[in-house]
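Subject: Structure handover

Hello,

Here is the structure I promised to pass on. My notes on what was found in it follow below.

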Amino acid sequence: MEEITAALVKNLLPRRRQDGHKGSFGRVYVYGGSVGYTGAPVFAGEAAVRTGSGLVFVGVPGEAYPVVAARCACAMAHPAPADYGELLERVSACGAVLIGPGLGRSPETDKTVRRLLEDCRAPVVLDADGINAISAHIDVLDRRRGRPEGGETVLTPHEGEFLRLGGDLSLGRERAAADFARRHGCVLVLKGPGTLVAGPEGRLLRNPTGNCGMAKGGSGDVLAGMVLSLIGQGAPALEAAACAVWLHGRAGDLCARDLSEYAMTPLDLTGRLPAVFKELGF
């Protein structure tokens, strides 16, 4: 097992072309949100912007759109099309897709998530209710394995979600994460103290950054948006996940130093990302 270090992250982060424009740095899509859970897609979208994405679209249900739109300063919110074909067209126009933050659960929503996994050819990050939607349909994940067009899949569960997916923590976190990623052909980010990143070919990395002040609703949405952003900028899924968890944890450590573990918030994490990138020399 490897430890993720600042030097590794600095080496793996996508380099920014000095002659680039907004189209050069990734076009990504966040599909999530619902009434009562309007913060999650906002956190994810703003984190994607802070992590370097050129264009970030946030699609949410029409009834949640006014609240989300009012809170998205940089990401571009819009009512997600109710028609599946239109939704797939919007999603397919992007280089990477995040499904799940604040999405909520219903039979129709779960079906839409599974259809997007079947039909979307871009890399997909599954978080929160995106993960829950496939918990009884793991075969949908298996069918994305090894797509020649590069449709990598990243899952970002906490331990409860991991168990619902069929993960076996009796093996120990390390073995459980590695076994799941290998069996299902995905990149797994198993969140918690010492977050693990496991790849389908057997690579396993452990993150040393972060603290208990990050154990608040919304922190995972920030992380998911960061993973999305780095994939959209061209990083392979495993490398994007490894970089994102280290950057996310380091931002949390700066928050704890400056604000305390008690008082820090998920929005503070995105606010500390500039300092983290500056520490790395960017």
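Predicted model: local features only at pLDDT ≥ 70, side-chain atom pairs only at ≥ 80, totals over all residues.

Valine 197 touches Ile4 as well as Val187, Leu188 and Val189, leaving aside residues up to four places away in sequence.

Val197 belongs to the largest nonpolar core, which has 56 residues. Together with Ile4 and Leu247, Val197 touches the most other members of that core. The helix α11 gives the most to this core, with 13 residues. There is also a second, separate core of 38 residues, and Leu87, Val113, Leu116 and Leu196 are among its members. As general background, nonpolar side chains in soluble globular proteins tend to be buried together.

Next, threonine 195. Where does threonine 195 lie? Threonine 195 is in the loop between β8 (187-190) and β9 (196-198). Threonine 195 counts as buried because its relative accessibility is 11%, and the cut-off for buried is under 20%. Its side chain reaches the backbone oxygen of glycine 192 at 2.9 Å. Not counting residues up to four places away in sequence, threonine 195 touches Arg173, Val189, Leu190, Leu205, Arg206, Asn207 and Val245.

The largest pocket holds about 830 Å³ of space. Its lining is made up of 37 residues, and those nearest the centre are Lys191, Met214, Lys216, Ser219 and Gly220. Three helices, α2 (39-50), α10 (219-232) and α11 (237-259), each supply at least two residues of this lining. Of the elements, α10 gives the most to the lining of the largest pocket, namely four residues. By type, the lining of the largest pocket divides into 19 polar, eleven nonpolar and seven charged residues.

The second largest pocket holds about 330 Å³ of space. Of its 17 lining residues, Tyr31, Pro81, Ala82, Thr109 and Thr112 are the closest to its centre. Two or more residues of this lining come from each of α4 (84-92) and α5 (107-119). The element that gives the most to the lining of the second largest pocket is α5, with four residues. This lining has nine nonpolar, five polar and three charged residues.

Last, the cavities. How many cavities of 30 Å³ or more are there? The count comes to one. The space in the largest cavity is about 30 Å³. Leu8, Leu12, Arg203, Leu205, Leu238, Glu239 and Ala242 line this cavity. Both α1 (6-12) and α11 give two or more residues to its lining, and the largest share, three residues, comes from α11. The lining of the largest cavity has five nonpolar residues, two charged and no polar ones.

Some names come up in more than one place.

Regards

Definitions and conventions. Residues numbered from 1 in each chain as written. Heavy atoms only, no water. 1 Å grid on protein atoms, 1.4 Å probe; cavity = no way out; pocket = protein on both sides within 12 Å on 5 of 7 lines; lining within 4 Å. Points joined across faces, edges and corners; volume = space filled by probe spheres on them. Nonpolar A, V, L, I, M, F, W, Y, C, P; charged D, E, K, R; others polar. Core = buried A, V, L, I, M, F, W, Y, C linked by side-chain atoms within 4.5 Å. Buried < 20%, exposed > 50% of the residue type's maximum accessible area, 1.4 Å probe, protein only. Contact = heavy atoms within 4.5 Å. Polar contact = N/O pair within 3.5 Å; in protein donor to acceptor, adjacent residues only side chain to side chain.
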